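Try each task before you read the solution.

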There are 2 protein chains.
Amino acid sequence: MAEQRAKRNLENVVFVGKKGTMSYVLAVVTQMNQGSPHVMIKARGKAISRAVDVAEIVKNKFVTDAKINDIQIATEEINTDEGNVLKVSAIEIKLMK
Amino acid sequence: MAEQRAKRNLENVVFVGKKGTMSYVLAVVTQMNQGSPHVMIKARGKAISRAVDVAEIVKNKFVTDAKINDIQIATEEINTDEGNVLKVSAIEIKLMK
């Protein structure tokens, strides 16, 4: 049960990276059309701008009844292969129908 | 009176653009140290990631009693010189002491 819930939660997350914006828009729209009432859009570093684009495009063009429920920003630490610790900003945008 | 308030409000805004992150960090820290209880950090397009960096650095390193009060994202329309309308994402991060 807990495992199922964990999987389900992971399915509701879209990590925005270096691909084109529309790939992530499609991923979010697909999840919402499959019945997820909310989708979390996450990104780090320079991909943060793209995550905002994704949320705005989904809301304005594809799922017009979706609303931005919550936005959080944070600093995450990444351990590099060389053993250094890098700090990088992160964003989480929660879209809800 | 209304004019004064308008000026005061404008003073509480830091627009993040293409300069180095620390220039904007300094601008925000200066405003907070001059007694502004809140500062609005605004950015558009690719500068959005930098705006998040600015907010996180101010909060974690310089004004440790500051909190992120509110984050809004939106789509803004820009009229180009050629008469076209460009849509661009924007962010507003409200930092509060």
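**Exercise 1. In which order do the strands of the open sheet in chain A lie, and how is the pairing described?**

Solution. Walk across the sheet: the 4 strands come as E1-E2-E4-E3, with mixed pairing. Strands here are DSSP runs of E with at least two residues, helices are runs of H or I with at least four, and both are numbered from the N terminus; two strands pair if DSSP finds at least two bridges between them. Next, look at the edges: E1 (13–16) and E3 (67–79) of chain A each have a single partner strand, so one side of each lacks a neighbour in the sheet. Ignoring direction, neighbouring strands are turned by 20° against each other on average.

This is a predicted model, in which local features need pLDDT of at least 70, side-chain atom pairs count only at pLDDT 80 or more, and totals for chains, interfaces and linings use all residues. Residues are numbered from 1 along each chain as its sequence is written, chains are lettered from A and ligands numbered from 1 in the order written, and side-chain values use heavy atoms, leaving out hydrogens and water.

**Exercise 2. How many bridges join E3(A) to E4 of chain A?**

Solution. Count 12, between antiparallel strands, with E4 spanning residues 85–96. As one example, Ile73(A) has Ile91(A) in E4(A) as its bridge partner.

Key: Axes are lines fitted to C-alpha atoms, for helices over the stretch in contact, and angles run from 0 to 180 degrees between N-to-C directions.
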